[in-house]
Amino acid sequence: MKRLAVIGGGAWGTALAIVLSPRFERVRLWVYEDDVAQRLQAERENDAYLAGFQIPENVSATSDLRIAIEDAEVVLSVMPSHHVRSVYSQMLPGLNGSMVFVSATKGLEVHTILRMSEMIRSIGGFPMQVAALSGPTFAKEVARGEPTALVVASPDDDLNRRIQAAFSGPTFRVYTSQDTIGVEIGGSIKNVIAIGSGVIHGMGFGHNVTAALITRGLAEMTRLAVVMGARAQTLAGLAGLGDLVLTCTGELSRNRMVGIELARGRKLDEIVGSTKMVAEGIKTTDAAVELARRFGVEMPITEQMYQMLYHGLSPHEAIRRLMERSLKGE
């Protein structure tokens with residue numbers, strides 16, 4: 001596989017284009033905003049989303065989807081979850097069954113509650129080779145060439161190994177898994193828990209409660225994923241525990257920052273409107289609550305984040321409700 005299309009020119013998409021550029025002869029990076037794409041192509045820097053990083057010469061930027069996917073062997077989608085259906089629908093005339101599709105989007109479609117790989121397959125209308133890529137990753141650290149480990153997942157282990165071989169390099173180590181459900185649920189729900197971690201930090205609490213939140217959050221993620229057909233051990237891996245710890249504790253976490261700002265008294269609309277970056281956990285919280293109800297799974301942290309984000313519950317009341325739940329065994 002020599003020709004890669006990266007669909008989504010935000011921080012994560014740009015970082016992936018940078019780190020994967022030595023692995024492919026040609027990389028095309030699709031950027032939604034035409035002015036950003038033009039500046040990126042001319043100045044070799046994504047000043048809007050990942051400033052300070054040089055774009056390699058074999059990476060070309062475009063705002064034309066047709067050009068981005070032309071002759072691509074691998075289509076790596078990195079757009080926000082609420083844009084995936086629209087963008088894939090627009091790309092559909094240029095897609096074919098020989099292409100490999102990798103989703104690096106961590107989220108769920110709100111109205112259908114579909115995972116990203118499920119949604120992509122439903123749009124295609126033909127047999128598609130689709131895998132999910134997830135794990136503990138901050139875009140800036142990947143772009144800097146810091147050692148990073150991820151997991152690629154699909155039911156087809158041959159497809160997984162092909163992607164693993166194509167993507168892995170000196171600073172980018174890819175493991176394989178056949179548990180797509182576990183990898184995608186872990187990558188989605190951890191963002192919800194990270195908002196809670198931000199709330200804790202913003203309220204001035206210490207490490208005890210953060211550790212408890214991460215641990216109980218992992219329990220919630222695992223319960224849901226297993227009921228949906230995943231393996232519990234997947235949630236103890238890179239796409240589960242690994243990504244959860246990173247997103248709950250890292251200073252670069254967008255979802256954690258949302259929680260911090262909520263705890264400081266800012267309104268959600270104000271927080272969202274003040275940045276171009278997308279915090280996937282906001283929309284995922286809505287979808288996660290629906291999934292929990294559909295599968296009959298108890299997810300108390302997720303439920304309180306939902307009440308806080310969508311019904312104005314105060315952070316102090318959310319913590320009180322969690323602490324005063326009926327006592328039970330671990």
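Helix axes are lines fitted to C-alpha atoms over the stretch in contact, and angles run from 0 to 180 degrees between N-to-C directions. In this predicted model, local features need pLDDT of at least 70 and side-chain atom pairs count only at pLDDT 80 or more, while totals for chains, interfaces and linings use all residues. Residues are numbered from 1 along each chain as its sequence is written, and side-chain values use heavy atoms, with hydrogens and water left out.

Helix 15 (residues 300-311) packs against helix 16 (residues 315-323) at an angle of about 155 degrees, and their axes are 10 Å apart. Helix 15 is therefore roughly antiparallel (an angle over 145 degrees) to helix 16. Helices here are DSSP runs of H or I with at least four residues, and strands are runs of E with at least two, numbered from the N terminus.

In contact (heavy atoms within 4.5 Å) are Pro300, Ile301, Gln304, Gln307 and Met308 of helix 15 with Pro315, Ala318, Arg321 and Leu322 of helix 16.

## Glycine 94

Glycine 94 lies in the loop between helix 4 (84-91) and strand 5 (100-103). With a relative accessible area of 34%, glycine 94 is partly exposed (between buried, under 20%, and exposed, over 50%, with a 1.4 Å probe and protein chains only). Leaving aside residues up to four places away in sequence, glycine 94 touches Ile69 and Met99. Its C-alpha atom is separated by 6.9 Å from that of isoleucine 69, 25 residues apart along the chain.

## Positive phi at arginine 44

Arginine 44, a residue other than glycine, has a positive phi near 60 degrees. Arginine 44 belongs to the loop between helix 2 (34-43) and strand 3 (59-62), and is buried at a relative accessible area of 9%.

How values were computed:
Parallel < 35°, antiparallel > 145°, perpendicular 65-115°, else oblique.
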